[in-house]
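This briefing is meant to be read beside the sequence and the model.

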Amino acid sequence: MGSLLVQLPALLGVLVGTVGTIVATSLADRSRWRRRQTVRWDERRLDAYAEFARVLKEAHTIASRTIGGYLDREQELAALAEADLRHTIAWENVLLLGDGPTVAAARAWRDAVWEVERLARGAATGDDLPDLLHRANEARDAFYRAARDSLGVGGGSVAQATLLMSRLHKGTAPAGRPPDEHLPT
């Protein structure tokens, strides 16, 4: 019994060390799993935001070109319908993966582009085209700000609305582009 009492501090030290190792390993594994999950969802959120922006920008561009009247209207309206279908699918991913501010900004951008589309389809008058285009561009800027905040992307402003509005008011096509493509999108 005496030798057991002599060895008891060493045994307790081994036991405390083992328990400490198990706890530390568990905490490290849990932290590593959480980091992997965060990266996984951030990647999916980035893909959802990028696809939504791509298809909504495509719809906006087609609608803007259709309004210009230089293209085959029926062909452009068919392309717009296809873009709307892709947009609807991308929208669902934003709703599923996006945070509240980004979804709200995406909704505002989508609504502004719908107004441009209504004009392209002849469901609205073109009296306020510059305002519609500017609102859509401002909403796009707000979406990008919210998406970048959601993903933790820094690097400053990527706003384009003011630049595009100045181009619209100049009323000239940028060099190398035909007149039907000068509408800022």
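In which helix do Asp-42 and Arg-45 both lie, and how many residues apart are they? Both lie in helix H1 (residues 2-68), three residues apart, or about one turn of the helix. The model is a predicted one, in which local features need pLDDT of at least 70 and side-chain atom pairs count only at pLDDT 80 or more, while totals for chains, interfaces and linings use all residues. Residues are numbered from 1 along each chain as its sequence is written, and side-chain values use heavy atoms, with hydrogens and water left out.

**Overall architecture**

- The protein chain has five helices and zero strands; helices (H or I, at least four residues) and strands (E, at least two) are DSSP runs, numbered from the N terminus.
- Read from the N terminus on, the elements run α-α-α-α-α.
- Of the 185 residues in the protein chain, 31% count as buried; buried means under 20% relative accessible area, exposed means over 50%, and partly exposed lies in between (1.4 Å probe, protein chains only).

**Salt bridges**

- Nine salt bridges are present in the structure, each defined as a side-chain nitrogen of Lys or Arg within 4 Å of a carboxyl oxygen of Asp or Glu.
- One of them joins the side chains of Asp-42 and Arg-45, at 2.6 Å from N to O.
- Asp-42 counts as partly exposed because its relative accessibility is 25%, whereas Arg-45 is buried, with a relative accessible area of 17%.
- Glu-51 forms a salt bridge with Arg-54, and the closest N and O atoms are 3.0 Å apart.
- Glu-51 and Arg-54 are three residues apart in helix H1, so about one helical turn separates them.
- Glu-51 is partly exposed at a relative accessible area of 32%, and Arg-54 is partly exposed at 42%.
- A salt bridge also links the side chains of Asp-128 and Arg-135, with an N to O distance of 3.9 Å.
- Asp-128 is partly exposed at 31% relative accessibility, and Arg-135 is partly exposed with a relative accessible area of 43%.
- Through salt bridges that share partners, Glu-51, Arg-54, Glu-58 and Arg-86 are joined into one network.

**Packing of H3 and H4**

- Two packed helices are described by the angle between their axes and the distance between the axes.
- The axes of helix H3 (residues 100-120) and helix H4 (residues 129-151) come within 8 Å and cross at roughly 160°; axes are lines fitted to C-alpha atoms, for helices over the stretch in contact, and angles run from 0 to 180 degrees between N-to-C directions.
- H3 is therefore roughly antiparallel to H4, a term for angles over 145 degrees, with under 35 counting as roughly parallel, 65 to 115 as roughly perpendicular and the rest as oblique.
- By class, the contact of H3 with H4 has 19 nonpolar, two polar and three charged residues; Ala, Val, Leu, Ile, Met, Phe, Trp, Tyr, Cys and Pro count as nonpolar, Asp, Glu, Lys and Arg as charged, and the others, Gly among them, as polar.

**Individual residues**

- Ser-150 is placed in helix H4 and counts as buried, at 17% relative accessibility.
- Leu-164 is found in helix H5 (residues 161-170) and is buried, with a relative accessible area of 10%.
- The C-alpha atoms of Leu-164 and Leu-133 are separated by 9.1 Å, although the two residues are 31 residues apart along the chain.
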